[in-house]
Amino acid sequence: MPRYTHRQKRVNAVVKGYKVSVRRWHANQAKRTRLQHRLRRRAGLHLEDNSDSSSVRSSASSSSDSSSESSFPSSSSSYGSDTDSSSTSVMGMDDDDMDMMPELADVEWWEDQGEDQDEDMDWDWWAERVGADIRYDDEDWEMNEGSGSGSSSSSDSDDEGGYYASSSGYSSGEDTPFRPSFPLRASRTAREAIETMYEHRYEMPRDNNPRPPAHLDYFLDVVKDRRPDLFREELRVTPRSFDSLVERLEDDAVFANDSSNEQMPVEHQIGIFLYRTGYHGNAAKVQKVAWWSGYSVGTVLLATRRVMTAILRRDFLDENMRWPTEEEKEEAKQWVEDHSVKQWRDGYLFVDGTLVPLYAKPFWYGESYYDRKSHYSLNVQLVCLPNLRIVDFSYGYVGSTHDSTAWQKTKIYAEHEDLLAEGEWIWGDSAYPIESWLVAPFKMPEARHPDKESFNTALSHLRIRNEHANALLKGRFGSLRGLRLNISDEKTHKFATYWIVCCVYLHNFFLECEQNEREEDGEMMDPADDPFVEEGRSSSSEDENAFSDDSNSEYRRRRGARAGLYEGKQFRLKKMRQLFREREKRHRQRQRNARAARRELLFDTDETDYDGDTDE
């Protein structure tokens with residue numbers, strides 16, 4: 001339902017009062033006309049006899065004075081001649097006047113719509129505005145000008161279609177200006193009242209509070225050059241990465257216009273967007289961002305939408321979300337081999353799901369956003385390399401969606417035969433269905449077996465890179481730890497998902513920029529050692545899907561009937577045997593090296609003793 005403001009309620013009250021008052025006025029006119037006819041019939045006169053109209057009017061007037069003038073007003077006290085003339089005068093108004101008040105343009109006040117009495121209508125206010133003394137009850141309806149009484153000498157005005165004003169009442173004098181009928185005067189009064197309400201944007205007077213000093217200019221002009229570490233802590237990116245993003249987006253069409261008023265600088269708009277995405281909770285309030293940047297709230301929202309529009313261009317997306325090259329594949333495989341065994345080097349991709357909490361329950365299907373962690377959130381699936389770069393992801397799913405369901409909507413799931421070479425696979429957690437190209441750890445109670453527990457431990461040493469990627473994403477873009485957006489309909493839901501998409505693509509963009517910076521400076525640092533990773537880590541180190549494994553056991557059993565389940569299990573056992581064989585091989589090699597070292601030590605000791613005995 002629409003939410004009416006206080007001003008809209010006042011406008012509706014004025015329009016309703018106008019229609020009610022005009023309808024009652026016409027009812028009173030009809031009542032007065034019937035009274036006149038009744039008095040004339042009692043006097044023995046006929047309305048059809050027009051030979052002596054003055055005597056008719058005189059007789060009617062004298063009869064009204066003598067019989068019922070105390071109960072009914074005279075004909076000269078009315079504001080119009082009859083119903084038709086007053087209606088014609090109202091409908092004959094200027095089109096411009098009617099456009100000023102659209103609500104009154106469709107009012108058909110000549111139709112009797114019933115006795116819609118409004119107890120809350122302020123009739124004294126209407127009387128003061130239209131210059132009439134209005135008194136209404138069930139028996140009578142009187143309208144007199146001010147406190148004076150009407151004059152019966154102006155009955156000739158019935159033939160003129162209107163009445164003329166005078167100091168004592170109404171008369172038909174030629175020098176007296178025209179007095180509009182009550183409906184016309186009420187219509188003008190209602191329009192004036194409504195126009196007065198909308199003269200100003202705000203109903204109450206506003207005090208312009210002084211703005212605090214802006215920090216955005218200070219960080220862009222001073223801190224960026226003198227203290228890069230503080231700049232990265234504030235805007236979550238290095239100064240050179242910030243300049244690279246400005247250079248990449250500044251030529252976008254969204255930052256250009258044909259107006260004489262130029263837009264705010266592109267670097268200011270990007271700085272506002274990075275500040276909003278870099279914090280969560282009260283720190284991400286739009287008003288606080290406005291104070292920090294020195295711009296108004298509306299400008300902050302507009303700058304955010306412009307930057308998101310530029311990031312979501314197809315060319316920018318294709319540049320920062322791509323399949324790894326052969327060189328990048330070999331580098332990822334070498335990392336896996338160094339941290340596990342040689343037989344596992346072809347599993348160079350990792351998949352995991354993460355939840356983006358919302359700071360408030362959505363108004364649009366809010367219950368579906370409720371996740372297993374008792375939060376309202378959005379589900380995002382990320383596929384990454386060991387260097388924490390994301391190569392595929394899925395978005396748009398609510399928090400109650402299971403990871404295995406959201407995983408099926410990724411590109412790599414649908415095209416794994418084309419994207420993965422022969423013998424390559426992906427590492428996942430226990431929430432994902434095992435395939436011949438996807439290996440997941442053993443679940444309880446199988447995980448209690450010593451060999452399988454050892455397998456899960458070795459697998460977790462690799463999958464930790466996916467956790468690092470999630471932590472770096474949420475550590476750099478803190479808004480993903482508590483998205484401060486209201487989801488009230490499908491449009492706002494899409495806006496929230498676009499917000500997440502922008503953060504994911506910027507994650508890859510900044511990761512590549514900072515990697516190039518370290519190579520230029522001759523620094524070698526593991527991306528997992530970034531301080532943002534520690535900030536983005538979850539408060540709980542337990543497996544995110546431990547609860548879902550138990551609660552969805554029936555679902556997992558149904559999925560166990562899939563044709564590829566047996567092949568997936570056999571593939572996982574094969575990798576486990578390879579791990580154990582490699583470990584056994586390394587263990588035996590260490591034992592041989594130890595025996596050789598002991599033999600060498602004993603040989604050196606024997607030679608020393610023999611030399612000593614010879615000297616003696």
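**Figure 1. Packing of helices α11 and α13 in the predicted model.** Helix α11 spans residues 266–277 and helix α13 residues 297–311; the two pack with their axes 8 Å apart, at an angle of about 95°. Because of this angle, α11 is roughly perpendicular to α13. On the α11 side, the residues that meet α13 are Q269, I270, I272, F273 and R276. Their counterparts in α13 are V300, L301, A303, T304, R306, V307, M308 and I311.

**Figure 2. Surroundings of I270 and the largest nonpolar core.** With neighbours within four places in sequence set aside, the contacts of I270 are F242, L245, V246, L249 and V307. The largest nonpolar core has 61 residues, and those touching the most other members are F242, I270 and L506. Helix α20, covering residues 490–521, supplies the largest share of this core with 13 residues. Residues of the core come from both domain 1 (215–312) and domain 2 (323–541), so the core lies between these domains. In soluble globular proteins, nonpolar side chains tend to be buried together.

**Figure 3. A separate core of 25 residues.** Another core lies apart from the largest one and contains 25 residues. Among its members are L388, A447, A471 and V533. L388 also belongs to the turn of the β6–β7 hairpin, where this residue has a positive phi of about 75°.

**Figure 4. The open five-stranded sheet and helix α19.** The 5 strands follow the order β7-β6-β5-β8-β9, and their pairing is mixed. Strands β7 (390–398) and β9 (438–439) form the edges, each pairing on one side only. Helix α19, residues 450–476, packs on the sheet and touches β5 (349–357), β6, β8 (426–427) and β9. The direction of α19 makes about 45° with that of β5. Strands of a sheet pair through backbone hydrogen bonds, either parallel or antiparallel.

**Figure 5. The hairpin formed by β6 and β7.** Strand β6 comprises residues 377–384 and runs antiparallel to β7, to which 6 bridges join it. C384 of β6 stands opposite I390 in β7. N379 has Y397 of β7 as its bridge partner. Between the two strands of the hairpin there are 5 residues.

Notes. Residues are numbered from 1 along each chain as its sequence is written. This is a predicted model: local features need pLDDT of at least 70, side-chain atom pairs count only at pLDDT 80 or more; totals for chains, interfaces and linings use all residues. Side-chain values use heavy atoms; hydrogens and water are left out. Two strands pair if DSSP finds at least two bridges between them. Helices (H or I, at least four residues) and strands (E, at least two) are DSSP runs, numbered from the N terminus. Contact means heavy atoms within 4.5 Å. Axes are lines fitted to C-alpha atoms, for helices over the stretch in contact, and angles run from 0 to 180 degrees between N-to-C directions. A nonpolar core is a set of buried Ala, Val, Leu, Ile, Met, Phe, Trp, Tyr and Cys residues joined through side-chain atoms within 4.5 Å. Buried means under 20% relative accessible area, exposed over 50%, partly exposed in between (1.4 Å probe, protein chains only). Domain bounds come from an automatic or database domain assignment. Angles under 35 degrees count as roughly parallel, over 145 as roughly antiparallel, 65 to 115 as roughly perpendicular and the rest as oblique.
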